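Subject: A structure to look through

Dear colleague,

Please find the structure below, together with its sequence.

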Amino acid sequence: MTDDIRTLIQELCEASPEQSDAAEQALCALGTRAVHELLPLLSDPTGPGRLRALSCLGAIGSEAVPVLQRIRREGPGQLRRPALEALGELAGGQALEERDLRAVDRLVRIKLIDERSEDLPTGRWIAVNTGQVDDIVSALGLHHTRPATVEMGICAAVEFENSVELHLLDEPMEHAYRVFITPQFDGWRLIYGDDFINDHWAWAVEKLSSRCEQAHFYLVDDFDGANVWWVAQNGSDRRGYRTYGDPQWVGEPMDFERSLMVNEDDPIYDAAEHADYAEGVTDPESVASWISIPPNTVSIAEKSDHGWLAVTHQEVPHERFKGALRI
């Protein structure tokens, strides 16, 4: 049987798409008997079989968890690391033993000592100036706040599962979200959490601006061409733009917008430029460059402190979320 599984593993990685599909189906049908042979494929981040192996393990599902936990305890040694990743993907931190959780926590703290700044995603984010972590946590009602590297925080809040359904007795279904608060970059902290921001951005900037004086929301959606930027101050909307909003504009132009608006009587009047800024600035990244900090420039900004990962519901620990986070 082992030789048959190894043949299927080879076909999974090297055969034609049709043969690879057939090999994947056969390995999934074998269930836990295929786990040991699938794990080495996870060790090569660019290998041709990595995604196929993750797909197989996902199909085997919860039945693979005891096997993976046993490998973490007993070896073989070369499979312990991919077994840890597989456990994170299949069941999150709740499948890890206490010593593994402590090891991850130690690794995070070591990485934070000399973490280098890297540019951040520009899909959707909230920016807060001069806000302390405690103010952000209090404003958004966050729980289980813990130190996190930037890579770990972006994985948790953007790339992997960042919301879970919560069913409480005699209560309507709720969602619990993961939220990442970045280090300070030139005095600004950025807040990520794709599902949380998508569902609650207007509420979030209102609450943050009430606590931290001012908060901004930015959205760049290349899929449907939607741009949104919003500035709230002391709990009220000050200025905003939405591509598909009705109305598109809220509030009066800010000073930086007025500086870009060209008067027809101006000797350097340009019709195209006038059209671009007739009502204000529509590009969120351009707005961020004027009044906060664009995420794709933080690598050259002055960094202080470190990032923090939190959840929005006290009853939901980080371990409930699936995904093997990079650190």
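A residue is called buried when its relative accessible area is under 20%, exposed when that area is over 50%, and partly exposed in between. His-144 has a relative accessibility of 36%, and it therefore counts as partly exposed. This residue lies in strand β2, which covers residues 143–148, and although His-144 is not a glycine, its phi is positive, at about 55 degrees.

Please keep in mind throughout that this is a predicted model.

The chain as a whole

The chain has 13 helices and eleven strands, and its C-alpha atoms fill a box of roughly 85 × 45 × 45 Å when this is taken along the principal axes. Of its 327 residues, 46% count as buried. Among the contacts with a separation of 6 or more, 67% are between residues 24 or more positions apart.

Helix α2 (residues 17–30) and helix α4 (residues 50–60) have axes that come within 9 Å and cross at roughly 30 degrees, and the crossing is right-handed. On the α2 side the contact is made by Pro-17, Ser-20, Asp-21, Glu-24, Leu-27 and Cys-28, while α4 brings Arg-52, Ser-55, Cys-56, Ala-59 and Ile-60. Sorted by class, this contact of α2 with α4 has six nonpolar, two polar and three charged residues.

Leaving aside neighbours within four places in sequence, Glu-24 is in contact with Leu-12, Arg-52, Ser-55 and Cys-56.

In soluble globular proteins, nonpolar side chains tend to be buried together. In this model the largest nonpolar core has 33 residues, of which Leu-120, Phe-180, Leu-190, Tyr-192, Tyr-218 and Trp-229 touch the most other members. Helix α9 (residues 150–159) gives the most to this core, with five residues. If residues up to four places away in sequence are not counted, Phe-180 touches a list of residues that includes Ala-148, Val-150, Ile-154, Leu-190, Tyr-192 and Trp-308.

Aromatic pairs

How many aromatic pairs are there? The count comes to eight. One of them is formed by Tyr-177 and Phe-196, which are edge-to-face, with 5.7 Å from centre to centre and 65 degrees between the planes. Because Tyr-177 lies in strand β4 (residues 174–185) and Phe-196 in helix α10 (residues 194–212), the pair ties together parts that are 19 residues apart in sequence. Both Tyr-177 and Phe-196 are buried.

Trp-201 and Phe-217 form an aromatic pair that is stacked, with 4.4 Å from centre to centre and 15 degrees between the planes. Trp-201 is in helix α10 and Phe-217 in strand β6 (residues 214–221), so that this pair links distant parts of the chain, 16 residues apart. Both Trp-201 and Phe-217 are buried.

Val-231 lies in strand β7 (residues 226–233), and with a relative accessible area of 1% it is buried. From C-alpha to C-alpha, Val-231 and Glu-206 are 9.2 Å apart in space, and they are 25 residues apart in sequence. Leaving aside neighbours within four places in sequence, the contacts of Val-231 include Gln-214, His-216, Asp-237, Met-254 and Ile-291.

Glu-315, in the segment after β11 (307–311), has a relative accessibility of 52% and counts as exposed. Between Glu-315 and Val-250 there are 37 Å in space, C-alpha to C-alpha, and the two are 65 residues apart in sequence.

Details of the backbone

The peptide bond from Gly-75 to Pro-76 is cis, with omega near 10 degrees, and Pro-76 lies in the loop between α5 (65–74) and α6 (77–91). A cis peptide bond also joins Asp-246 and Pro-247, where omega is about 10 degrees, and Pro-247 is placed in the loop between β8 (236–242) and β9 (249–250).

Asn-234, a residue other than glycine, has a positive phi, near 50 degrees. Its place is in the loop between β7 and β8, and at 55% relative accessibility Asn-234 counts as exposed.

With best wishes

Methods:
Residues are numbered from 1 along each chain as its sequence is written. This is a predicted model: local features need pLDDT of at least 70, side-chain atom pairs count only at pLDDT 80 or more; totals for chains, interfaces and linings use all residues. Side-chain values use heavy atoms; hydrogens and water are left out. Axes are lines fitted to C-alpha atoms, for helices over the stretch in contact, and angles run from 0 to 180 degrees between N-to-C directions. Helices (H or I, at least four residues) and strands (E, at least two) are DSSP runs, numbered from the N terminus. A crossing is left-handed if the near helix is turned anticlockwise from the far one by less than a right angle, and right-handed if clockwise. Contact means heavy atoms within 4.5 Å. Ala, Val, Leu, Ile, Met, Phe, Trp, Tyr, Cys and Pro count as nonpolar, Asp, Glu, Lys and Arg as charged, and the others, Gly among them, as polar. Buried means under 20% relative accessible area, exposed over 50%, partly exposed in between (1.4 Å probe, protein chains only). Rings of Phe, Tyr and Trp (its six-membered ring) pair if their centres lie within 6.5 Å; planes under 30 degrees apart count as stacked, over 60 as edge-to-face and the rest as tilted. A nonpolar core is a set of buried Ala, Val, Leu, Ile, Met, Phe, Trp, Tyr and Cys residues joined through side-chain atoms within 4.5 Å.
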